[in-house]
Amino acid sequence: TEILSASREKAARAAGVPVRVQRYASLFWSVLGEVNTPDGMVRTPEQTPATQKERYAKSFHALLGRGIYLAPSGYEVSFLSTAHTEAHFERYLKAFGESLRG
């Protein structure tokens, strides 16, 4: 989860898109937008960027169109499991990078 999260944040930075991937063990949640908290973490609904709903919907549909299915709401977490392989990560990161470019 740590490697996937860091790779996703790196791809987003390269595309000039603000993304913060919060994680705990195998759980992760993407915050799409500028996070204005002292430590960069979102802990309450009020701290969620106003752009989250719109940006997540766009990202969700772009990924879905590339065969990647995530939770349909930007307020849900995703999970990794031992069934996920490096090939899954590579496919996901490729699709994510493409989705940022349109």
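Me: Which residues of H1 are buried?
Reply: In this predicted model, the buried residues of H1 are Leu-4, Ser-5, Arg-8, Glu-9 and Ala-12.

Me: How do they sit around the helix axis?
Reply: Viewed down the axis of H1, the buried residues fall within an arc of 130°, so they line one face of the helix. In general, an α-helix has 3.6 residues a turn, so residues three or four places apart point the same way.

Me: And what does the face turned away from the buried side carry?
Reply: That face of H1 carries the exposed residues Glu-2, Ile-3, Lys-10, Arg-13 and Ala-14.

Me: What covers the buried residues of H1?
Reply: The cover includes strands E1 and E2, together with helix H2 (52–64) and helix H3 (86–100).

Me: How far apart are the end C-alpha atoms of H1, and what span should its residues give?
Reply: The end C-alpha atoms of H1 are 18 Å apart. At 1.5 Å a residue, its 13 residues should span 18 Å, which agrees.

Me: What happens just after H1?
Reply: Gly-16, just after the helix, takes a positive phi of about 75°.

Me: Changing topic: what is the strand order in the sheet?
Reply: The sheet is open and has three strands in the order E1-E2-E3, with antiparallel pairing. E1 and E3 stand at the edges, each with a single partner strand, so one side of each is left without a neighbour in the sheet.

Me: How many bridges link E1 and E2?
Reply: Strand E1 (residues 19–24) pairs with E2 over six bridges, in the antiparallel sense. Within this pair, Arg-20 stands opposite Val-31 in E2.

Me: What lies between those two strands in the chain?
Reply: E1 and E2 form a hairpin with two residues between them. Ala-25, in the turn, has a positive phi of about 50°.

Me: How many bridges on the E3 side, then?
Reply: E2 and strand E3 (residues 78–79) pair over two bridges, again in the antiparallel sense. Here Leu-27 stands opposite Phe-79 in E3.

Me: Is E2 mostly covered or mostly open?
Reply: Strand E2 (residues 27–32) is mostly covered, with five of its six residues buried.

Me: Last topic: what is the mean pLDDT of the protein?
Reply: The mean pLDDT is 90, and 99% of the residues reach 70 or more.

Key:
Residues numbered from 1 in each chain as written. Predicted model: local features only at pLDDT ≥ 70, side-chain atom pairs only at ≥ 80, totals over all residues. Heavy atoms only, no water. Buried < 20%, exposed > 50% of the residue type's maximum accessible area, 1.4 Å probe, protein only. Helix = DSSP H or I, 4+ residues; strand = E, 2+ residues; numbered from the N terminus. Pairing = 2+ DSSP bridges. pLDDT = per-residue confidence, 0-100. Expected span 1.5 Å × (residues − 1). Arc of directions from axis to C-beta. Contact = heavy atoms within 4.5 Å.
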